Amino acid sequence: MINKEIQKLLDDHNSFARQIANVRLSNLSFDVYEFRDKYVMQVDLIFAEKSQFDHIQEAFSAIFKKELFDGEEWDINDDPDPSDEQWIKALADGWINEYYPKKYICLELVNKDEFRWRFKNELTYLNVTESIVKELFTRLNHIEAIQIKKGYTYDYIFGQSDSHYFLFEWGIYD
C-alpha cells in the first residue's frame with residue numbers, strides 16, 4: 001500500500017508538485033535530526049506526527065518540502081503561493097528530478113525488523129546517546145517502510161509507524 005501511494009507521486013510529477021505546493025510548512029511541525037561521525041558517515045531523520053496529515057501522499061509531500069527548504073536553506077516564510085504556476089513548474093520539472101532522479105529510485109518494501117535493528121545500530125555507531133536512541137526508537141512501533149533511493153553508500157527510507165511518518169537518510173559523504 002505505502003509503495004503504491006508513493007509510486008503514484010513519483011510517476012506523476014505534476015500531481016506531486018501540486019501536492020508539494022499545497023503544503024504549508026508554517027502550519028506543520030517536524031522533528032529533524034542530523035547525526036554524523038568525525039569522518040564521513042551521516043544519518044538524517046525527519047519525523048512528523050501522523051495526526052497532521054489526511055493521507056500518506058500528503059505526508060510524503062510535506063516531508064519532501066521540509067527537506068527541500070532545509071537543504072536549499074530557504075525561509076519557510078517565503079513559501080510561494082500554492083497556485084503559483086512558476087513554482088509548480090519548477091517543482092515538477094526541476095526540484096523533484098533533482099531530489100528523486102529516476103536512475104536511483106527503487107521503491108522496495110523494507111523488512112521492519114531489519115530496519116529497526118539497523119536504525120538502532122547506525123545511531124549507536126554514531127555515538128548518539130542511549131536515551132536519545134530510545135526516545136527516537138519509541139516512534140517506530142508497527143512500522144511499514146519503503147526504500148525509495150538506494151546506492152552503494154546511500155539509503156533513503158520513508159515510512160510510517162502508529163504515530164509518525166518518518167524519513168531515514170543514511171550516507172557516506174566526502
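Two rings of Phe, Tyr or Trp count as an aromatic pair if their centres lie within 6.5 Å. The model on screen is predicted, and it holds 23 such pairs.

Select phenylalanine 60 and tyrosine 100. Their rings form a tilted pair, 5.7 Å centre to centre, with 35 degrees between the planes. Phenylalanine 60 belongs to helix H3, while tyrosine 100 sits in the loop between helix H4 (85-99) and strand S3 (105-110); the two are 40 residues apart. Both residues are buried.

Tyrosine 156 is in strand S5 (residues 154-160) and tyrosine 100 in the loop between H4 and S3, so the pair ties together parts that are 56 residues apart in sequence. Tyrosine 100 has a relative accessible area of 2%, and tyrosine 156 has 1%; both count as buried because the cut-off is under 20%.

Next, show lysine 149, which lies over the face of tyrosine 156, at 4.5 Å from the ring centre. Then move to phenylalanine 47: arginine 139 lies over its face, 4.8 Å from the ring centre.

Last, go to the largest pocket, with a volume of about 310 Å³. Select Glu34, Gln42, Asp44, Glu67 and Glu169, the nearest to its centre among 15 lining residues. Strands S1 (31-36), S2 (41-49) and S6 (164-172) and helix H3 (56-71) each give two or more residues to this lining. By class, the lining has 7 nonpolar, 2 polar and 6 charged residues.

Technical notes. Residues are numbered from 1 along each chain as its sequence is written. This is a predicted model: local features need pLDDT of at least 70, side-chain atom pairs count only at pLDDT 80 or more; totals for chains, interfaces and linings use all residues. Side-chain values use heavy atoms; hydrogens and water are left out. On a 1 Å grid over the protein atoms alone, a cavity is a set of points where a 1.4 Å probe fits but cannot get out, and a pocket is an open set with protein on both sides within 12 Å along at least five of seven lines; lining residues have an atom within 4 Å of a point. Grid points are joined across faces, edges and corners, and a volume is the space filled by probe spheres set on the points. Helices (H or I, at least four residues) and strands (E, at least two) are DSSP runs, numbered from the N terminus. Ala, Val, Leu, Ile, Met, Phe, Trp, Tyr, Cys and Pro count as nonpolar, Asp, Glu, Lys and Arg as charged, and the others, Gly among them, as polar. Rings of Phe, Tyr and Trp (its six-membered ring) pair if their centres lie within 6.5 Å; planes under 30 degrees apart count as stacked, over 60 as edge-to-face and the rest as tilted. Buried means under 20% relative accessible area, exposed over 50%, partly exposed in between (1.4 Å probe, protein chains only). A charge sits over a ring if NZ of Lys or CZ of Arg is within 6 Å of the ring centre and within 35 degrees of the ring normal.
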